[in-house]
Each structure stands twice: as C-alpha cells, then as structure tokens.
Amino acid sequence: NGAMKGDNGGDGTSKPIIGFVQTGSEGDWRKAHTESVREAAEEAGFELRFADGQAKQENQIKALSSFVAQGVDGIILAPLVETGWDNVLEKAKKRNIPVLILDRQVEVKDDSLYVTYIGADTYNEGRLAAEWLIEKTGGKAKVVELQGTPGASPTINRYNGFRDVIADHSGIEIIASQSGDFRRSKGKEVMEAFLKKHGDDIEVVYAHNDDMAIGAIQAIEDAGKKPGDDIILVSIDGVRAAFEAMVEGKLNCTVECNPLQGPMAFDAMKKILAGDIGDMPKKQMIKDRVYDRDSAKEVIDSRKY
Ligand code: GYE
C-alpha cells in the first residue's frame with residue numbers, strides 16, 4: 001500500500017511504533033534493563049508499547065501476537081525461555097514486522113525469523129565466574145549452585161560455561177544445584193534448604209545472578225555464618241546491591257552483565273527500519289568484566305545501575 005515504515009497511516013510525522021515484550025520484573029538487573037529500553041526509545045524518537053510478560057512465556061506470546069495484530073513497525077523481544085517461539089515469530093514474519101531479540105537468546109528452526117540478537121555473552125560469564133573461583137580457591141572447593149529460570153538462555157549458558165571450565169579441575173565439586181528463578185526471595189529459600197542439607201560442607205555459592213546471591217547472603221547470616229568469609233560467594237550481573245555487598249565484604253565477586261542495552265537496540269532498530277541491514281551481524285555481544293571486593297571499592301561510585 002506504499003505506506004512507509006513509521007508512517008502508521010497518519011500524517012507522516014508520527015513516530016515509528018515499537019512493541020517491546022519484556023520477561024517480567026524478577027530483579028534489579030531487569031529493572032535497569034527496562035529503564036534503558038524505555039529511555040533509548042524516547043531518545044531515538046520512537047513510540048514504545050510495553051508488554052510485561054510477568055515471568056510467563058504464554059503472556060509473552062500473547063503480547064507478541066497482539067503487537068503483530070496492531071501492525072507495529074518493529075518488535076523487540078526479551079524471551080523468558082529459549083524455545084517455543086517459532087509459531088509466533090512466523091506470524092510477525094508474514095506481516096513483515098521485523099523482530100529484534102534482546103538480552104536472552106532464542107532457539108528457532110529458521111534463523112530468518114528474527115533480524116538480529118543483541119545481548120551479553122552469558123556463556124563467557126559462566127566461564128569467568130569459574131576461572132575467578134579456581135584462582136581464589138586454588139582449584140579446591142565444594143560448591144552449591146543457584147540456577148536462574150529454567151530454560152532461559154542465561155541459565156543454560158552460565159551452567160555450561162562454569163562446568164566447561166571446572167571440567168579440568170577435579171577439586172571443584174558441585175554438591176547441589178537448583179533454580180532460584182533469578183529472584184532474591186527464591187535464592188534465600190533455596191540456600192536455606194542447601195544449608196539444612198549440606199551444612200558445613202558448603203564452601204562456595206555460585207549464583208547465576210546477584211539477586212539470588214543477596215538472598216543467599218541473608219540465609220547464610222541467618223544460619224550464623226559469615227558470608228564472604230565462611231562461605232565464598234560469586235555471582236553475575238554487577239548491580240549496585242552487589243557492589244554494596246562486596247564493599248561490606250559479604251560478596252566476593254561479581255561478573256558484570258551490562259543491562260544498559262537500550263541504545264544498542266535502538267541503533268539497530270533504526271537501521272532495520274531504514275532497510276540498512278546488509279552488514280548487520282546475526283549476534284551482537286556486549287563485553288563483560290569481573291569485579292572483586294578490592295576493585296568494587298574503587299568503582300562503586302561510578303556504577304550506572
Ligand atoms: O542476569 C538476571 C535477569 O537475562 C541476562 O536476567 C539476563 C538475566 C540477568 O533476571 O538478573
């Protein structure tokens with residue numbers, strides 16, 4: 001019908017409309033991520049329609065279908081879990097609505113169902129956490145693991161990255177591993193159960209995110225132990241609360257996972273809507289850094305989330 005992207009059938013001055021399907025609001029990282037996307041949309045001069053998946057894939061699929069039905073100009077999806085997206089992405093493709101996958105990855109049969117993926121290298125984060133731990137413990141420790149949401153790409157990747165590194169270090173032993181759903185309350189709950197069952201055997205907590213580590217810190221303190229000393233904690237994200245816990249000596253290490261992905265997402269979306277995707281990579285990964293109790297003190301004031 002000759003309408004241009006962003007025209008929305010209006011007077012030609014209206015903003016392009018982007019539907020953003022978020023996972024939910026499981027913790028501090030997610031909050032920073034949502035804000036970053038909202039701000040970047042405004043900055044880029046786009047109208048953002050926000051759908052909160054509330055930690056249910058079903059909600060996310062409904063929201064996606066609804067954005068397709070509305071005929072938005074583009075969709076940004078932060079998928080809760082990795083699989084189960086083929087059908088709904090087909091719908092978007094049929095309507096020629098480009099989809100950008102943000103933060104977490106999808107596994108689909110046909111890669112042309114989305115334009116590009118932008119997010120952190122969560123496999124490498126798992127590796128970095130293990131490498132730090134080996135260095136810290138000399139390659140000998142009994143570890144309990146708090147996993148993220150089952151089926152989510154960062155959970156799978158942080159699980160595998162960590163194991164691939166410790167495979168060569170038989171002194172590092174994972175004695176228990178369970179999901180805390182990337183939530184503080186659930187991290188505390190699971191850690192309480194771990195402490196009941198494994199007590200003094202636990203030397204290290206590896207948490208797939210900071211929020212669960214902070215929950216675990218509370219459980220460790222409630223059990224009369226000193227987090228950071230009696231039990232070493234290493235987690236991932238680098239949110240402000242983790243830096244505070246490191247400065248207090250209660251968390252030993254966090255591997256940064258930058259949630260400020262909005263600007264990259266909208267730079268890419270601008271190109272996509274302009275049809276300028278010739279040299280756009282299928283995967284755009286953001287670099288991570290490792291922080292410990294010493295470096296935390298130096299950088300805490302400059303942290304942006
Ligand atoms: O680490 C966690 C959040 O998908 C990488 O999701 C993200 C993860 C992040 O809930 O805190």
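Trainee: In which helix is the place of arginine 30?
Mentor: First, a heads-up: this is a predicted model, where local features need pLDDT of at least 70, side-chain atom pairs count only at pLDDT 80 or more, and totals for chains, interfaces and linings use all residues. Residues are numbered from 1 along each chain as its sequence is written, and side-chain values use heavy atoms, with hydrogens and water left out. Helices (H or I, at least four residues) and strands (E, at least two) are DSSP runs numbered from the N terminus. Look there for arginine 30 and you land in helix H1.

Trainee: Does arginine 30 count as buried or exposed?
Mentor: Buried means under 20% relative accessible area, exposed over 50%, and partly exposed in between (1.4 Å probe, protein chains only). Arginine 30 comes out at 3% relative accessibility. Because 3% falls under the 20% limit, arginine 30 counts as buried.

Trainee: Which residue has a side chain joined to that of arginine 30 by a polar contact of 3.0 Å?
Mentor: A polar contact is a pair of N or O atoms within 3.5 Å; within protein, one must be able to donate a hydrogen and the other to accept it, and residues adjacent in sequence count only if both atoms are side-chain atoms. Arginine 30 also has a side-chain N or O atom 2.9 Å from a ligand oxygen. Within the protein, the side-chain partner at 3.0 Å is threonine 23.

Trainee: What is the phi of aspartate 103 near?
Mentor: Aspartate 103 sits in the loop between E4 and E5, and its relative accessible area is 7%, so it is buried. Most residues other than glycine have a negative phi. Aspartate 103 has a positive one, near 75°.

Trainee: What is the phi of aspartate 181 near?
Mentor: Aspartate 181 is found in the loop between strand E7 (172–179) and helix H6 (184–198). With 23% relative accessibility, aspartate 181 counts as partly exposed. Its phi is positive too, near 55°.

Trainee: Which residue in E5 stands opposite leucine 102?
Mentor: Two strands pair if DSSP finds at least two bridges between them. Strand E4 (residues 99–102) and E5 clear that with three bridges, in the parallel sense. Leucine 102 faces isoleucine 118.

Trainee: Which residue of E11 stands opposite glycine 119?
Mentor: Strand E5 (residues 116–120) is mostly covered, with five of its five residues buried. E5 also runs parallel to strand E11 (residues 283–286), joined by four bridges. In E11, the residue opposite glycine 119 is methionine 285.

Trainee: How far apart in space are leucine 273 and isoleucine 97, C-alpha to C-alpha?
Mentor: Leucine 273 belongs to helix H9 (residues 262–273) and counts as buried at 16% relative accessibility. Leucine 273 and isoleucine 97 are 176 residues apart in sequence. In space, C-alpha to C-alpha, they are separated by 9.6 Å.

Trainee: How far apart in space are isoleucine 220 and alanine 241, C-alpha to C-alpha?
Mentor: Isoleucine 220 is in helix H7 (residues 210–222) and is buried, with a relative accessible area of 0%. Isoleucine 220 and alanine 241 are 21 residues apart in sequence. Their C-alpha to C-alpha distance is 17 Å.
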